[in-house]
Amino acid sequence: MTQITSLSLFELIKNIKEKKISSNEVSKSFIDRSEKSKKLNAYVTENFENCLKLSKEFDNKPNFDLKLPGIPIAVKDLFCTNEVRTTAGSNILNNFVPSYESTVTQNIWNEGGILLGKLNCDEFAMGSSNETSFFGNVQNPIAKDLVPGGSSGGSSSALAANLTPVTIGTDTGGSIRQPASFTGTVGLKPTYGSCSRYGIVAFASSLDQAGPMSKDVKDSSILLEVISSFDKKDSTSIDYKRNNYSSDLTRNIKGIKIGIPKEYRVDGMPDEIESLWKKGIEYAKDCGAEIIDISLPHTSYALPTYYIVAPAEASSNLARYDGVKYGLRSYGESLIDMYEKTRSEGFGEEVKRRIMIGTYVLSSGYYDAYYLKAQKVRQLIKQDFDQAYNKVDAILTPSTPSSAFKIGEKSNDPVSMYLNDIFTVPVNLAGLPGISIPAGTDKNNYPLGLQIIGKPFDEQTVLNIAYSMEEKINYKNNITDWWME
Amino acid sequence: MDGIMSKKNLEYLIERNDNIYEVVIGLEVHAQVTSNSKLFSSSSTKFGAEPNTQVSLVDAAFPGMLPVINEYCVKQAIKTGIGLKAKINNKSVFDRKNYFYADLPQGYQISQYKYPIVGEGNVILDMPEGQKQVGIERLHLEQDAGKSIHDVDPSNTLVDLNRSGVALMEIVSKPDLRSPDEVNAYIKKLRSIMRYLGTCDGNMQEGSLRADVNVSVRIKGSTDLGTRCEIKNVNSIKFMQMAIIYEANRQVDLIEKGEEIDQETRLFDTKKNETRSMRSKEDAHDYRYFPDPDLLPLEITDEFIDKLKSEIPELPDDKKKRFIDEFKISPYEATILVSDIDTAKYFEEVVAKMGKNRDMKLAVNWITGELFAVLNNKSIEIAESPISAKNLAKLINLIKNGTISGKIAKTIFELMLDGDKDPQIIVEEKGLKQQSDPKALEALIDKIINDNREKAIEYKQGKEKLFGFFVGQAMKVSGGKANPQLINEILKKKL
Amino acid sequence: MTIDLKTVKHISKLARISLEERKAEKLADDMNSIFEFIEKLNELKTENVEPLTSIAETTLRFREDKITSDNIREKILKNSPEKNDDFFVVPKVVE
Ligand SMILES: [Mg+2]
Ligand SMILES: [Zn+2]
């Protein structure tokens, strides 16, 4: 048998159900590989001992009706996990241990999943390279000193390096899809309201959404089926009939109409991205899809809109980190002094920068010019998609304007860093489902992804297209385990 | 009713040099919604619990915690809006009001800014000189903050989050109030309406009703508004009045000295009886309101509102009108009886228990006289009255049907205080029944006249003062039980 | 438009983040380049556009008025950097 850690989630489940391997063996394999992969810095907090214990308990009393029977899974450290430290990649939550569980992770444990550990991420999910984490850079297993993308960089790295069979991330402006693209893996951001935000450390409430990250499309469909649920504890959770995403998965996409938005052909986009996209269109055609040119006229306004809306919400969401109830407290002479020092020392530079932007755009005299304006443009962006979806069932674009870059390459230029999310951000602004699948490589042999965007709550079509194209593309990561001792 | 008082001498005016100033007051009342659980979380709102024992993860703003709105609080706000004859908005929005404070765990208060749940309405005040209408600007729902305790630990401030997240209705008046007396009447009227509706218990000692008081002054006759100061969070009517008097005079003094008034928030120091600037909060005064992205707009259908309208009980103004029409009592008496829901309930129960042959005058007098005096003395509310409405009604009926005299009734009333005794039983046990048998009374009077022959002669010769002596003798001999009316009649005949 | 040092300092006060002079200058530079990029929105006329506040197309769901959370004081205070048995403790506030 191939190594346990390189099996897909689907195969692992099959093997466990057929009693060919035990949950404990699976857990041991991933833990063993994780132990040897410290150089990647993918984990912030390990839960290995507990995982072994729980896997033994599972094996003693197995329940094979569960969707994730005894499967160890590491998750982004933005999900609050009961009695396991949760940091959001920040110094200000360095020692925070929640006494509660996020709905999404609870859904995983309810289906037999076992927590393997908490994965590194950009601080409060603010970043596109995992370089803003208080716990340091994460290495992309593709090549040394390459960023794994962000903010779910620990998740993409651990997944690509086979340290976890699948994982979950959160995506506010591309934080699942961009790291998936950078690591040759699959990442799905569901429709806003599909997965509960309860217990996820909030970045920008109107944009945040949790989603699966996996080695292939089928695994994402299995995981989405587990994590997507209506939750009364989240007022923005939507009560609708969810598909059985994995059993409904099909490669029959004949006649499906796929739109190609001309505005995504941005200035200075590398030729290899352009040709990847063209190839993608051919694959889609081969699968039986009908290709239709469409226009999303307000595309170029999405990033400026995002960089008002997200920081504004974040500036308010992060006001609770004040040194009073939990987390870091710095000494201060007075209450205000304590606040200012705590927040200055507790937050990293990018987080502070975004809090400042957000505070500014909401401040008296600027609200209408920035925040209100951005909400109006957000409406226009959403209307673009509404109109497009009168003509097509889904939209195909590149996931990112470039492949993974070197650590430190963009960290001093916030705007060029922000441009990373140019293709993913409109999807969050419009609340749509979007998936990134690996589709090829650039001249350095670094992976590149294609993005499929769907109609609201139509994750199934998105998955079906991705599943079909995946077969044609037949992409394989070529990872050498260079980081192992 | 255009908001102008009729009698000049009741106006509250400040005179300095040759200038006469009037005071313009608007109130932002914070009324705690009566509910079991908080506005956005499911922890208890009960008063007086141990510190931090009624705090959920949501109330303490733990990472990832989200607000979910309490339907009952929404209904309570709408009912209150209906009680204020206000417009109920089909769509309203919850905003975040951002500022840092130790007892504000989220770093923002969820409130309603641009689109409140209730719009314009009004309240009628019954002032001695007539009615006055006060405009309501709006009513919105918001979260209460926790409590900072500064005076227990000498070097630290302690924070209790039990109140954090409790639902408040902020009721904003128009600047229609002109005197401390009107403020008193306004708060009492609001309180009364909300207690009728059961939407706020109005308990000021427990902080269920507090107000920010906006005060400005202007030369009498001017229609411009002066620069106002907001006196924050005053928790008793007396303090509101004291704060207004101090603040109005301070502002007049500044104007007379030719100085500017700064628009600012001030604090009323109850010990020094003065207001002072709250500079500590000055630099954090930009609240950066924006719609709370964790919550969707609050949409309410007309059917929802109509259903609540059908549940609205009779409110003080209507009740007053009915009392006057139905019971033929004076407007003044009606005002007193409807001012508090429990008083009105008590009165109506007395009326009901009196039956067909009821005497409204007696009922009003006994409640507002003897009973109020007792409640006042004992500092208790009418809801805890030691004498039940049923037994008071019985007592009144005993007077009305001549079984006892008004004087004896007072004695019986005293006896009833101990364990709400049935007055009928007291009358029987103590033999206090009025003597109304003319034959017996005639015999009694004959004996008295016989025993006091000289005085009787003096009376006949014109010393009319002596009539009272004979009445007194008759009462004395009968042990106070003789029917005074009959005594009078018989004496006149016999003397 | 340009964001000057004074504005940066005012904003940092509002956000309760203390800033060293050197960092404030760097932040002013960063913010200016970010806002230059944001100004692109001014190209669009939006007078008649309804602002989009929530992407979830549904209305606010009500919760029943029930008390379902118990006394969890210990859990609430557990992570606090300074507390006693009953309270959160913060530096003395003078009102
Ligand atoms: Mg106020
Ligand atoms: Zn308020």
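Good morning. Donors here are N, O and S atoms within 2.8 Å of the metal, or 3.2 Å for Na, K and Ca; water is not among the atoms, so sites may look incomplete. Strands (E, at least two residues) and helices (H or I, at least four) are DSSP runs, numbered from the N terminus. Both B:D212 and B:E230 are buried, a word that stands for under 20% relative accessible area, with exposed for over 50% and partly exposed in between (1.4 Å probe, protein chains only).

Before I continue, a word on the source. This is a predicted model, in which local features need pLDDT of at least 70 and side-chain atom pairs count only at pLDDT 80 or more, while totals for chains, interfaces and linings use all residues. Residues are numbered from 1 along each chain as its sequence is written, chains are lettered from A and ligands numbered from 1 in the order in which they are written, and side-chain values use heavy atoms, with hydrogens and water left out.

Which residues hold the zinc ion (ligand 2) as protein donors? They are B:H30 (NE2), B:E142 (OE) and B:E170 (OE), lying 1.9 to 2.0 Å from the ion. Their spacing along the chain is H-x111-E-x27-E. The zinc ion lies 5.3 Å from the magnesium ion. Here too a pair links distant parts of the chain: B:H30 in strand β2 (residues 19–32) and B:E142 in strand β7 (residues 130–143) of chain B are 112 residues apart. B:H30 is buried, at a relative accessible area of 10%, and B:E142 is buried, at 4%.

I turn now to an open sheet of chain B. Its 3 strands have the order β5-β4-β15, with antiparallel pairing; two strands pair if DSSP finds at least two bridges between them. The edge strands, each pairing on one side only, are β5 (108–111) and β15 (290–291) of chain B. Helix α9 (residues 302–317) of chain A packs on this sheet and touches β4, β5 and β15 of chain B, its direction making about 60° with that of β4(B). Contact means heavy atoms within 4.5 Å; axes are lines fitted to C-alpha atoms, for helices over the stretch in contact, and angles run from 0 to 180 degrees between N-to-C directions.

Next, the interfaces. A:R197 and B:D294 form a salt bridge at 3.1 Å, N to O.

How many salt bridges lie across the interface of chain C and chain A? The rule finds 7. One salt bridge joins C:E57 to A:K382, with the closest N and O atoms 2.8 Å apart. Thank you.

Definitions and conventions
A salt bridge is a side-chain nitrogen of Lys or Arg within 4 Å of a carboxyl oxygen of Asp or Glu.
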